[in-house]
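Please have a look at the sequence and the model before I go on.

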Amino acid sequence: ARIVGNGYVDGQPFDACPRQVLHRAVARLAERGWQLRTGIEPEFFLLKRGAAGQWLPADDADRLDKPSYDLKSLPRQMGFLHELQQTLTACGMDVLQLDHEDAHGQYEVNFAYGDALLSADRVMLFKLAAHALAEARGMVFSMMPKPLANQPGSGLHFHVSLWRGERCLFDPSDGDTALSPISELGRQFVAGVLAHAPALCALAAPTVNSYKRLTVGESLSGTTWAPAYVAHGPNNRTALVRTLPGRFEWRLPDASANPYLA
């Protein structure tokens, strides 16, 4: 069981409570008739300590040169991944996908999108659940942006859509496809995210380790997948904002961010 609550002091909403901050932001959108919905994608590592004290993937056999979507690694961690999926489902989350990412010992979970507040609540539940389940199996669960210097880092990608009864970032006349023209509101939305990228970075990638992820360069797998360019592109993982059917993917955040503030 869990209780999700807002911070109050002397019966008044506490200004510095991150969940109250998001409440206020959502209310400002509602005044304009808008609702922000997000689908947040956590990437994470399952690690263990080596004999010399170094951090290693928990799965000793996870050693492919290019491990992205490595199918053989999934059965070896199936016990943890299946228990994670069952736990999150029992808590009301719709888990859509679990996969191996492009670093040794790195995985990603995708769950259904919801309004911004619910989505942030779900990220917090995921972190608590995954940490406890990994610990029970003798593993270390890590959402550090860049735990291994020679491997790709972990992001916390936000899939973002704005609604006024229906989605309103794209021209709805041809039905939310990857080629749907971006609406005027959608162009303004992306322009704002790009214009405020430096300030948003302070909230969405707030640690020194965050900046070790946000680099251009190669890793063992050949790429970092990091959004190192303040740009907007339809299918470019190095761009800060990526266009997808009916939504944008904001690739800047990592899990050291507070999801409510982000």
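Predicted model: local features only at pLDDT ≥ 70, side-chain atom pairs only at ≥ 80, totals over all residues.

Helices H3 and H4 cross in the right-handed sense, where a crossing is called left-handed if the near helix is turned anticlockwise from the far one by less than a right angle, and right-handed if clockwise. The contact between them is made by Phe80, Glu83, Leu84, Thr87 and Leu88 on the H3 side and by Leu125, Phe126, Ala129, Ala130, Leu133 and Ala134 on the H4 side, contact meaning heavy atoms within 4.5 Å. Sorted by class, this contact of H3 with H4 holds 9 nonpolar, 1 polar and 1 charged residues; here Ala, Val, Leu, Ile, Met, Phe, Trp, Tyr, Cys and Pro count as nonpolar, Asp, Glu, Lys and Arg as charged, and the others, Gly among them, as polar.

Residues are numbered from 1 along each chain as its sequence is written, and side-chain values use heavy atoms, with hydrogens and water left out.

To return to the geometry, H3 covers residues 78-90 and H4 residues 116-136, and the two pack at an angle of about 140 degrees with their axes 10 Å apart. The axes are lines fitted to C-alpha atoms, for helices over the stretch in contact, and angles run from 0 to 180 degrees between N-to-C directions. H3 and H4 are therefore oblique to each other, given that angles under 35 degrees count as roughly parallel, over 145 as roughly antiparallel, 65 to 115 as roughly perpendicular and the rest as oblique.

H4 also packs against H1 (residues 18-31), at an angle of about 155 degrees and with the axes 10 Å apart, which makes H1 roughly antiparallel to H4. The crossing of H1 and H4 is right-handed, and its contact consists of Arg19, Leu22 and His23 from H1 with Ala116, Leu117, Ala120 and Asp121 from H4. By class, the contact of H1 with H4 has 4 nonpolar, 1 polar and 2 charged residues.

What about H5 and H6, and at what angle do they pack? H5 (residues 184-195) and H6 (residues 197-204) pack at about 75 degrees, with their axes 5 Å apart, so H5 is roughly perpendicular to H6. Val193, Leu194 and Ala195 of H5 meet Ala197, Pro198 and Leu200 of H6, a contact with 6 nonpolar, no polar and no charged residues.

Turning to the strands, S5 (residues 95-100) and S6 (residues 106-111) run antiparallel and are joined by 5 bridges, where two strands pair if DSSP finds at least two bridges between them. Aspartate 99 has glutamate 108 in S6 as its bridge partner, and the two strands form a hairpin with 5 residues between them, in whose turn glycine 105 has a positive phi of about 80 degrees.

Arginine 242 has glutamate 249 in S13 as its bridge partner.

Altogether the protein has 7 helices and 13 strands, helices (H or I, at least four residues) and strands (E, at least two) being DSSP runs numbered from the N terminus.
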